Amino acid sequence: MRRVVIIGGGAIGSAIAYFLNQEPAEEPFDVTVVERDFSYTQASSALSASSIRQQFSTAINIEMSLYGIEFFRRLGETLRVGDNVPDIGLVEPGYLYLASPEGVDVLRENHATQRAHRVDVVLLTPEQLEARFPWISTDGVALASLGLSGEGWYDGYSLLQAFRKKAISQGARYVQAKATGLQRSGRMLTGVELDIGDPIEADVVVNAAGAWAAKVAGWAGIDLPVRGRRRMVFSFSCPDTLPGCPLIIDTSGIWLRPEGRRFICGFAPPQDRDRDDAPLEVDYRVFDDFIWPALAARVPSFEAIRMTSAWAGYYEMNVFDHNAILGLHPDCDNLYFANGFSGHGLQQCPAAGRGVAELIRHGEYRTLDLSPVSFSRILENRPLVEKNVI
């Protein structure tokens, strides 16, 4: 029985642990998941806005999220453990991208790619946008793109726990410890060092360490271009309701969506202020100085909003091209990478989890070819350009 040690017990690591032993007829793996904090206080899986979309500009991201939405729709039965049927509260109101006149050509190009890959999406003129969502202002909007199905949001922490509990029911062992190093013999890793005692022997090691993945790779002498980048989420209330409100990506770069009776929103800071490993603290001035004026300009009802709470979490940002890095590096024969999702990890964790499990078991992808996000593109300086990064 091959011993697999997964460093990182968030949604990605737990999805891999689940898929490794999903099929009872196949030879089982001895799976150990090393997770630094079982409370997941700083885990991206718990702090994410937890959304899923197909409105990407690259085929591989579209295919991974199409796989993800189908998995989420049947998740309750797939990940049930006895009488415990998990519910992640999936809803599918869609994503709404608003384009300024300068962004119309890119929006049309993305639309053509999406339609070619079976995405249920439609372009709307400002007049059509107003007719569908009368509460929105179309000032500065030249064209919009709306997902009609397969896009929405869910409870990311519940998703993580569903994968975790199912993996444990299949024999995976979770160890609360901090990985501190890798043991290596030639081209092979032989174990994972911990801060709580003896190393764990391993035939296969998986780096699913999220925002801390570069440090893990460094223990094997591999440069992984993944950094922890802080993202803030603000929650606010509004006296008015917005019927049928999707997740909106405004021309300003701000995103917003309903969350129960309230709303949440956020934005990607300018690159010159997007620092590595910034403290997970909220800068409340951002809401008053930038976010609230833009929200009120887009939705007049938001003139009367009140911020109710806020939090910060890390994107595990692939600073090379903002896309996932999956599979092996040529310098090590048994260290698998599942990193750099750049905000797409939760929606792509079913496809990534299955894909990495297939690589470990069969040496190849069998369900979905994820080779476009292999390490080779980084080593060959071939960035996979995704135009729709939030």
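Tyr67, Ala351, Arg354, Gly355, Glu358, Thr367, Leu368 and Leu370 line the largest cavity. On a 1 Å grid over the protein atoms alone, a cavity is a set of points where a 1.4 Å probe fits but cannot get out, a pocket is an open set with protein on both sides within 12 Å along at least five of seven lines, and lining residues have an atom within 4 Å of a point. The structure is a predicted model, in which local features need pLDDT of at least 70 and side-chain atom pairs count only at pLDDT 80 or more, while totals for chains, interfaces and linings use all residues. Residues are numbered from 1 along each chain as its sequence is written, and side-chain values use heavy atoms, with hydrogens and water left out.

The volume of the largest cavity is about 40 Å³, where a volume is the space filled by probe spheres set on the grid points, and points are joined across faces, edges and corners. The count of cavities of 30 Å³ or more comes to one. Helix α10 (residues 345-362) supplies the largest share of the lining of the largest cavity, four residues; helices (H or I, at least four residues) and strands (E, at least two) are DSSP runs, numbered from the N terminus. The lining of the largest cavity comprises four nonpolar, two polar and two charged residues. In this classification Ala, Val, Leu, Ile, Met, Phe, Trp, Tyr, Cys and Pro count as nonpolar, Asp, Glu, Lys and Arg as charged, and the others, Gly among them, as polar.

The second largest pocket holds about 470 Å³ of space. Of its 18 lining residues, Ile249, Asp250, Gly253, Lys387 and Val389 are the closest to its centre. Both β4 (95-99) and α5 (104-116) contribute at least two residues to the lining of this pocket. By class, the lining of the second largest pocket has nine nonpolar, seven polar and two charged residues.

Lys387 is located in the segment after α11 and is partly exposed, with a relative accessibility of 47%; buried means under 20% relative accessible area, exposed over 50%, and partly exposed in between (1.4 Å probe, protein chains only). The side chains of Lys387 and Glu109 are joined by a polar contact of 2.9 Å. A polar contact is a pair of N or O atoms within 3.5 Å; within protein, one must be able to donate a hydrogen and the other to accept it, and residues adjacent in sequence count only if both atoms are side-chain atoms. Apart from neighbours within four places in sequence, Lys387 is in contact (heavy atoms within 4.5 Å) with Ser57, Val106, Glu109 and Asn110. Lys387 and Leu107 lie 280 residues apart in sequence, with a C-alpha to C-alpha separation of 9.5 Å.

Ala99, in strand β4, is buried at 6% relative accessible area. Residues up to four places away in sequence excluded, Ala99 touches Val104, Leu107, Gly140, Val141, Ala142, Leu143 and Thr251. Ala99 and Ser252 are 153 residues apart in sequence and 9.5 Å apart in space, C-alpha to C-alpha.

A total of 18 salt bridges is found in the structure, each being a side-chain nitrogen of Lys or Arg within 4 Å of a carboxyl oxygen of Asp or Glu. Arg3 is partly exposed at 28% relative accessibility, whereas Glu201 is exposed at 53%. A network of salt bridges links Arg3, Glu201 and Asp203.

In the salt bridge between Arg377 and Asp321, the closest N and O atoms are 2.6 Å apart. Arg377 belongs to helix α11 (residues 376-379) and Asp321 to the loop between β17 (306-318) and β18 (325-329), 56 residues apart. Arg377 is buried, with a relative accessible area of 2%, and Asp321 is buried at 7%.

Asn207 lies in strand β12 (residues 204-207) and is buried, at 0% relative accessibility. The side chain of Asn207 reaches the backbone nitrogen of Ala209 at 3.2 Å. Beyond four places in sequence, residues touched by Asn207 include Ile7, Val216, Leu224, Tyr336 and Phe337.
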